Amino acid sequence: MNVLARAALALVLWCGSAAGYCRATTCDSQASPSCNDAEPACPVQTWSRSCLGYVVDADGSGRQGISYEQASDAVRRAFDTWLSVDCGGGGGPSLEVHDLGATWWEAHEYNPDGRNANTWTFRDEGWPHLEHTHAYALTFARFDQHGSMLDADVEINSADHAFSLHGDLLGIDLQSVLTHEA
């Protein structure tokens, strides 16, 4: 077994619980008893609402040969992975996630005075984030002063990286990247 294969196997065997969607505070509750009282110094990390909608790039990635349907299915599976986590006591995250369909809007932005869409967009024509040239994807999240997430937009660097949908060795596993971003 080559070194890369051994490293991948070790990472899979080492990984523990994926509880990223379970409610937590912004500080260690053991170190600061005030966190249990939800003091402003330790806001709870959460979405501003328990119902979350998202939209996926209507074009998918033409450069990668990934259709909208394939991309939408992969984003759904990414959220399903996190939503199936046991947060203790047999309960999962208290979040509903809904696919709101396709979008042709490519800008990530937050509108403080109106509705927002959590977008998943492929960047086929060029990666505009020169400070992150090696990134497979980036998530741009907006929070309020209390730690509530208001909006999150994901951009996938399909201009600089080859992605694979089926885990073959010819590209980066898109499902893993999307799950990480979710």
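## Exercises on buried residues

Asparagine 118 has 8% relative accessibility, so the residue counts as buried (under 20% relative accessible area; exposed is over 50%, partly exposed in between; 1.4 Å probe, protein chains only). The model is predicted: local features need pLDDT of at least 70, side-chain atom pairs count only at pLDDT 80 or more, and totals for chains, interfaces and linings use all residues. Residues are numbered from 1 along each chain as its sequence is written, and side-chain values use heavy atoms, without hydrogens and water.

**Exercise 1.** Find which backbone atoms the side chain of asparagine 118 reaches.

*Solution.* 
- Step 1: check the oxygen. A polar side-chain atom of asparagine 118 lies 2.8 Å from the backbone oxygen of glycine 53.
- Step 2: check the nitrogen. The backbone nitrogen of alanine 152 is also reached, at 2.8 Å.

**Exercise 2.** Determine how the buried residues of helix α2 are arranged around its axis.

*Solution.* 
- Step 1: list them. They are Tyr68, Ala71, Ser72, Ala74, Val75, Ala78, Phe79 and Trp82.
- Step 2: look down the axis of α2. The buried residues fall within an arc of 160° (directions from the axis to the C-beta atoms), so they line one face of the helix.
- Step 3: find the cover. It includes β3 (51-57), β4 (96-103), β5 (118-122) and α3 (174-181).

**Exercise 3.** Is serine 158 buried or exposed?

*Solution.* 
- Step 1: read the accessibility. At 0%, serine 158 counts as buried.
- Step 2: inspect its side chain. A polar atom there lies 3.2 Å from the backbone oxygen of arginine 123.

Conventions:
Helices (H or I, at least four residues) and strands (E, at least two) are DSSP runs, numbered from the N terminus. Contact means heavy atoms within 4.5 Å. A polar contact is a pair of N or O atoms within 3.5 Å; within protein, one must be able to donate a hydrogen and the other to accept it, and residues adjacent in sequence count only if both atoms are side-chain atoms.
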